[in-house]
Amino acid sequence: MANTVLVTGGAGYIGSHACVELLQAGYQVVVVDNLVNSKIESLKRIQEITGKPLAFYQVDIRDHDALADVFAKESITSVIHFAGLKAVGESCEQPLMYYHNNVYGTMVLLAVMAEANVKQLVFSSSATVYGTNSEIQYTEDLPLGAVNPYGRTKAMIEDMLRDLSAADALKSTGSPWKIALLRYFNPIGAHGSGKIGEDPNGIPNNLMPYVAQVAIGKLVQLSVFGDDYPTPDGTGIRDYIHVVDLVKGHVKAIEALNGEKFASGGCKAYNLGAGKGCSVLEIISTFEKITGRKVNYRIAPRRAGDLAEYFADPSLALKELNWKVEKTLEDMVADTWNWQVKNPQGYN
Ligand SMILES: NC(=O)c1ccc[n+]([C@@H]2O[C@H](COP(=O)([O-])OP(=O)(O)OC[C@H]3O[C@@H](n4cnc5c(N)ncnc54)[C@H](O)[C@@H]3O)[C@@H](O)[C@H]2O)c1
């Protein structure tokens, strides 16, 4: 029988793409999502793309008993944990909501996993855990220091998971935790079918959906925050990664947790990024070239806390997970546009 993966937050942007990849790789998929930031339609589309069914439970991960019921009903072998709130600005305004949802929610999930003796976990971490560094290419061993409540929820969860794994060394019985912390850089793009993609509620927080909505005329103008950074064109440089490449890294991580490297347990962080940066103006010009549409933008003042430039060193993921990105910036833009044009109102 195929391994069964529980995907928390599986109806969301990255989670839905992960479900497609897992089903196509032959895994059974169980989704737990409270739909606070997603629509059930995404789950229908996953099944349309793959022609395979998945199990769905509308459950909040903070609800211990409901989550335990899911583990009792399904033969879950590992968990990919995407469920969480992710808007930096909102986390500054409502920090307790973020700590409760992300940190407490993960504590409940871990307790239920331990009770069910399911101890393989892939966690959605983020490059935000690195905080401000003098290096511009981030390796996993750089000091951590998140600079906002959202980032701190990710850093706290990472700490918790490292502690959990370290505690195994003090025990002589029981199966050990096997944990991969995947630190995402900037996921963009959509599935090539145009059936699933990023469907932000209200005005997008992230650059790519914003650019797409300006190009299609839903939003009037993009603000580019700062053109006086010490970068070749003055705008900020980030490491953009196609969401399909990103989720393939999760399938590789599940394989690694089942393999030799994690045979005696462990908790390890991996950067998932392209390993090179790209500026905001490059994104805009690539968008205009691929779509033939003009992106109306203005230069606005820098935002407090934004760094000029950073990108991933993804060599550890290549060495230990046998993973690297395959798609180009052109692919990311073309797939974003395909999703936007086919779904101008998102899943509505
Ligand atoms: N998108 C990015 O740029 C990015 C970058 C780094 C890390 N991440 C992390 O990756 C994960 C997925 O991000 P995404 O972009 O797909 O976000 P998303 O909001 O589209 O997906 C998150 C999903 O989790 C669900 N959810 C939230 N709280 C829940 C709870 N308490 N119980 C059950 N379900 C809950 C939401 O309904 C949503 O479907 C998040 O943990 C996010 O912090 C995202």
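Residues are numbered from 1 along each chain as its sequence is written. The model is predicted, so to speak with care: local features need pLDDT of at least 70, side-chain atom pairs count only at pLDDT 80 or more, and totals for chains, interfaces and linings use all residues.

Let's start with the sheet. Seven strands make an open sheet with parallel pairing, in the order β3-β2-β1-β4-β5-β7-β12. At the edges sit β3 (55–57) and β12 (266–272), each pairing on one side only. Strands here are DSSP runs of E, at least two residues, and helices are runs of H or I, at least four, numbered from the N terminus. Two strands pair if DSSP finds at least two bridges between them.

Now look at β4, residues 78–81. Ser78 and Ile80 point one way, Val79 and His81 the other, and all are buried, meaning 20 or more other C-beta atoms, placed from the backbone, lie within 10 Å of a residue's own. Four bridges link β4 in parallel to β1 (residues 4–8), with Leu6 opposite Val79. Three bridges join β4 to β5 (residues 120–126), also in parallel, and His81 has Phe123 as its bridge partner there.

Notes
Buried ≥ 20, exposed ≤ 12 C-beta atoms within 10 Å, placed from the backbone.
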